[in-house]
Amino acid sequence: MLVLRIYRFKKVLKEGGSSSQSMAAAKRGARSKAAAVAIEAPAPKKIRINPVVRRYPIDVQGSSRVLQNAIGEIFRRSNASGLSFEELYRHAFNLCQGNHAAKLYQMFREELIRNLAVYRDGVFAAADTGSMFEVLDEKWLEFSRALQLIRALLSCMDRTYVIRYRERSVYDLGLELWKVEVVSSPKLQAALTAFLLGEIHKERSGEMIDRSKMRRAVQMLIELDYKIYLLVVEEPFISASKDFYSIESQQLLACGDCSAMLKRVERRLKEESMRVSRYLSEKTGPKISRVVVDIFVGKNIKQLVDMENTGLEFMLSQDRLDDLARMYEFLQHWEEGGKEILDGLTRHIKANGAQLVQDPERQKDPVAFIQLLLSFKEKYDAIVSSSFKRNKAVAAGLEVAFAEVVNLNRRLPEFLSLFLDNKLRQGGKSDSGGSDDPEAFMDKAMLIFRYINEKDMFEKYYKHHLAKRLLLSKFAEDELERSLILKIKTVCGYQFTSKIETMLKDMRTSEDLMQRFRNMQANINAAVNINVQVLTTGSWPAYASSSQCILPREVHGLCERFKTFYLMQHRGRRLTWQGNLGSADLKLTIDDTTKTLSCSTYQMCILMLFNDSDRLSYKEIKDATGIQQASELKRNLQSLALVRGKNVLRKEPMSKEIGETDVFVFNEAFTSKLAKIKICTVAAQKETGEENSRTRETIESDRNPQIEAAIVRVMKSRQRMEHNNLVSEVIAQLQSRFTPNPAVIKKRIEALIERDYLERDRDDRRTYCYLA
């Protein structure tokens with residue numbers, strides 16, 4: 001195209017001279033001509049270069065004969081080392097290039113069949129001497145090596161003729177004919193099966209075998225046809241294994257040792273796994289493992305779990321975590337096995353838990369009792385976690401069983417509150433002096449709290465103990481108290497903790513109130529300082545009026561001034577002094593030595609009496625202090641007279657108990673190295689049986705309005721409801737605080753009917769209707 005344009009341009013120049021118009025016309029003409037040439041030009045042809053094939057004259061008969069003799073020698077191993085593989089490969093290559101590959105392929109097939117007949121006769125001849133397997137292994141090694149050499153020799157035929165005509169490759173044809181001519185014989189297959197099973201039985205019995213021969217035989221069958229492997233090896237192997245392990249499992253069952261049987265199963269599974277990896281097909285592994293577990297475990301689940309002195313109960317009692325893990329590992333594959341483990345675990349927990357929580361000796365120390373219960377729970381949590389692999393069904397069964405155990409002891413709410421009281425007073429420190437994580441012990445306590453049905457009972461005791469901690473300043477950290485209340489609120493909701501939070505709020509309000517009172521009293525020189533906490537009556541525990549006492553005159557006047565100050569700011573309110581909740585610091589002077597005594601308000605009232613008298617009887621102290629509760633007075637006198645190192649008073653006669661005829665004198669011999677002596681009241685760690693009964697009666701009566709309110713709420717929303725459905729709905733609404741007795745619910749329903757909140761349906765007496 002370029003030549004044409006230049007040529008045309010030159011031609012126009014020559015004809016038209018040098019005028020610009022002629023040049024433009026020439027250019028336009030050149031473009032149009034070039035375009036025309038481009039359109040008319042034919043498409044370029046594709047060039048293909050073919051290799052030069054030089055045809056040489058081929059001696060087909062001679063090359064075939066040479067190759068046939070060579071193949072025979074390779075199979076017979078007579079003179080294979082003397083062959084020139086380069087020359088033989090050239091003969092095969094020439095035959096393939098000369099379109100004689102089909103003849104070469106047929107020749108190889110015939111020679112292969114002829115030599116296989118020799119191999120087969122040699123193998124069958126060894127049957128009479130009992131060495132058929134050894135001969136078969138030897139012949140297979142010879143044949144496979146020869147076949148590999150021949151495959152390399154005839155590789156040109158595999159690349160051309162075999163691919164073009166979709167024939168079997170040299171190696172595949174050899175394997176196929178070996179299968180047909182040798183391995184397909186029923187006689188050989190039976191002998192091969194017997195030999196393999198015999199060797200496996202020897203190995204199971206502890207004898208040594210030649211695993212390499214076993215591996216070659218199995219690999220031969222798999223390489224030939226996997227179906228033959230299944231028929232000759234796997235199916236007889238599985239059947240023989242069932243018979244072998246059935247006998248062994250019965251022998252172990254007769255011994256009655258569950259642990260030994262589970263260990264045997266574990267050992268046999270490892271052996272079978274190794275056997276499969278060494279000389280069997282990997283697909284056989286899951287099948288034989290299933291046979292072992294099924295025969296040893298699957299058919300004996302009930303016997304294994306209930307086996308006396310070695311079964312599940314024994315393992316749980318003796319903390320056999322490894323044995324429990326084995327049992328779970330093997331039994332989990334069956335629904336019955338999982339159910340037996342769950343049932344056995346829950347039975348064990350209920351039996352041992354009931355023994356723990358109902359033991360009178362353990363209930364003597366509530367703090368140790370709760371710690372023991374937590375350890376009990378942690379033990380089985382660890383078993384579920386490590387041995388049962390956190391199985392959800394087993395974990396849920398553990399929760400149900402533990403909840404039942406916890407609620408067997410009706411005093412558990414009180415004990416849990418005492419446990420928390422002890423820990424909060426110590427600030428999370430353990431009784432041994434170590435330091436525990438405060439959050440950890442509170443989380444553990446909340447575990448038990450969640451299981452308690454009577455949470456309102458816990459609330460009553462917790463408020464009582466919290467009040468003492470707050471009023472006597474016996475708590476370690478305010479943040480710990482708030483953290484625990486938050487955890488309780490998370491479980492039970494805001495309504496449950498509203499009064500408890502009001503108690504903490506009252507303490508903060510009292511601090512501000514006392515600051516204002518001290519500012520007002522700044523100009524008054526008082527010998528006594530007081531600190532008053534004003535408590536909201538509805539939020540704090542209800543204290544009996546008998547808890548009041550006769551205060552010393554030095555304190556009484558200051559208390560009256562505070563009362564006047566408070567009532568001037570809050571008209572219409574009434575203050576009631578609670579002497580049993582206060583504390584005091586006294587100055588004790590003995591032989592010109594001054595000590596500070598930190599004691600309770602009751603103890604202060606008792607000690608101040610000895611400023612005027614050296615000797616007082618029990619009755620005189622009782623009348624002078626106004627402490628009407630005999631238990632409170634005796635506890636405070638015990639603290640003052642019977643605690644070694646803090647016995648400011650001396651009791652006559654000396655004994656561990658306080659009697660109404662006892663006489664108390666000031667202990668002139670009292671000494672202490674401490675500048676400040678803390679006299680603790682002998683604590684009542686838990687209620688007596690009579691006190692607990694009174695507390696329960698009070699709580700039962702407090703529950704009645706709550707039950708009635710729940711009944712009215714349900715009926716107001718439903719309008720009409722059958723008795724059983726109403727009871728279930730009321731229990732569901734109240735179970736966050738307590739689980740009401742259906743009989744009590746029925747009584748409250750009757751009371752509501754009498755008060756015209758409900759009425760019975762005229763047609764169905766078990767159905768109630770709501771009256772607006």
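So, cavities: this predicted model holds one of 30 Å³ or more. By cavity I mean a set of points on a 1 Å grid over the protein atoms alone, where a 1.4 Å probe fits but cannot get out.

Who lines it? Phe133, Leu136, Asp137, Trp140, Ala217 and Met220 do, where lining means having an atom within 4 Å of a point. Helix H6 (132-153) and helix H10 (211-224) each give two or more residues, and H6 has the largest share, with four. By class that's five nonpolar, no polar and one charged; Asp counts as charged, while Phe, Leu, Trp, Ala and Met count as nonpolar.

Three strands form an open sheet in the order E3-E5-E4, paired antiparallel; pairing takes at least two DSSP bridges. E3 (615-617) and E4 (649-652) are the edges. E4 and E5 (residues 663-666) share four bridges, one of them joining Lys651 to Phe664.

Helix H27 (residues 618-625) lies across E3 and E5, at about 85 degrees to E3. Such angles run from 0 to 180 degrees between N-to-C directions, with axes fitted to C-alpha atoms, for helices over the stretch in contact, meaning heavy atoms within 4.5 Å.

Local features need pLDDT of at least 70, side-chain atom pairs count only at 80 or more, and totals for chains, interfaces and linings use all residues.

Note on methods: Residues numbered from 1 in each chain as written. Heavy atoms only, no water. 1 Å grid on protein atoms, 1.4 Å probe; cavity = no way out; pocket = protein on both sides within 12 Å on 5 of 7 lines; lining within 4 Å. Points joined across faces, edges and corners; volume = space filled by probe spheres on them.
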